[in-house]
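Here's a quick briefing to read alongside the model. Have the sequence and the 3D view open as you go.

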Amino acid sequence: LRERFSRYGELFRCSLAPSGMVAIVQYTDASHAKRAFSKLAFSRYRHVPLYLEWAPAECFTSEEVQKESQGPKRLGDAAEGAEEGQEDGEEGAVRG
């Protein structure tokens with residue numbers, strides 16, 4: 001999923017739940033997230049449709065943001081989008 005979503009812009013963070021059914025992806029730029037959302041919603045991935053949703057703006061705590069600003073950290077393979085009107089780096093959720 002990381003590879004598929006990164007086609008639309010630079011990813012700030014990707015996090016895949018252990019179940020492999022839910023992922024959160026954050027772009028560095030909201031316009032890239034909007035484009036990915038519009039292009040990838042309901043597209044097929046491994047024979048199942050991607051159900052995209054906008055995640056809450058406070059999806060990650062400030063402590064997690066501080067940890068990540070200290071250096072890159074791979075959290076998993078996944079992806080995301082951002083809602084119109086949201087600021088750069090907003091989160092979205094992917095369900096497959």
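**Aromatic pairs, core and a buried arginine**

Trp54 is partly exposed, at 27% relative accessible area; buried means under 20%, exposed over 50%, and partly exposed in between, using a 1.4 Å probe and protein chains only. This is a predicted model, where local features need pLDDT of at least 70, side-chain atom pairs count only at pLDDT 80 or more, and totals for chains, interfaces and linings use all residues. Residues are numbered from 1 along each chain as its sequence is written, and side-chain values use heavy atoms, with hydrogens and water left out.

**Aromatic pairs**

- Rings of Phe, Tyr and Trp (its six-membered ring) pair if their centres lie within 6.5 Å; planes under 30 degrees apart are stacked, over 60 edge-to-face, and the rest tilted. By this rule there are two aromatic pairs.
- Phe37 and Trp54 are stacked, because their ring centres are 3.9 Å apart and their planes sit at 20°.
- That pair links distant parts of the chain, with Phe37 in helix H2 and Trp54 in strand E5 (residues 51-54), 17 residues apart. Helices (H or I, at least four residues) and strands (E, at least two) are DSSP runs, numbered from the N terminus.
- Phe42 and Tyr51 make an edge-to-face pair, at 5.7 Å centre to centre and 85° between the planes. Tyr51 is partly exposed, with a relative accessible area of 41%.

**Positive phi in the loops**

- Phe42 sits in the loop between helix H2 (30-40) and strand E3 (44-45). Its phi is near 70°, a positive value in a residue other than glycine, and Phe42 is exposed at 58% relative accessible area.
- His47 is in the loop between E3 and strand E4 (48-49). Phi of His47 is also near 70°, again positive in a residue other than glycine, and at 76% relative accessibility His47 counts as exposed.

**The nonpolar core**

- In soluble globular proteins, nonpolar side chains tend to be buried together.
- A nonpolar core here is a set of buried Ala, Val, Leu, Ile, Met, Phe, Trp, Tyr and Cys residues joined through side-chain atoms within 4.5 Å. The largest one has 13 residues, and those with the most contacts inside it are Phe5, Leu11, Tyr27, Ala36, Leu40 and Leu52.
- Strand E1 (11-16), strand E2 (22-27) and H2 each supply at least two residues of this core. H2 gives the largest share, four residues.
- Leaving aside neighbours within four places in sequence, Leu40 is in contact (heavy atoms within 4.5 Å) with Arg4, Phe5, Tyr8, Leu50 and Leu52.

- Arg4 is found in helix H1 (residues 2-6). What is the nearest side chain of opposite charge to Arg4? Glu3, 8.3 Å away, and Arg4 is buried yet has no salt bridge (a side-chain nitrogen of Lys or Arg within 4 Å of a carboxyl oxygen of Asp or Glu). For charge, Lys and Arg count as positive and Asp and Glu as negative, while His and the chain ends are not counted.
- A polar atom of the Arg4 side chain lies 2.6 Å from the backbone oxygen of Arg44.
- Gln26, in strand E2, is buried, with a relative accessible area of 7%. The C-alpha atoms of Gln26 and Cys14 are separated by 6.4 Å, with the two residues twelve apart along the chain.

Conventions. Polar contact = N/O pair within 3.5 Å; in protein donor to acceptor, adjacent residues only side chain to side chain.
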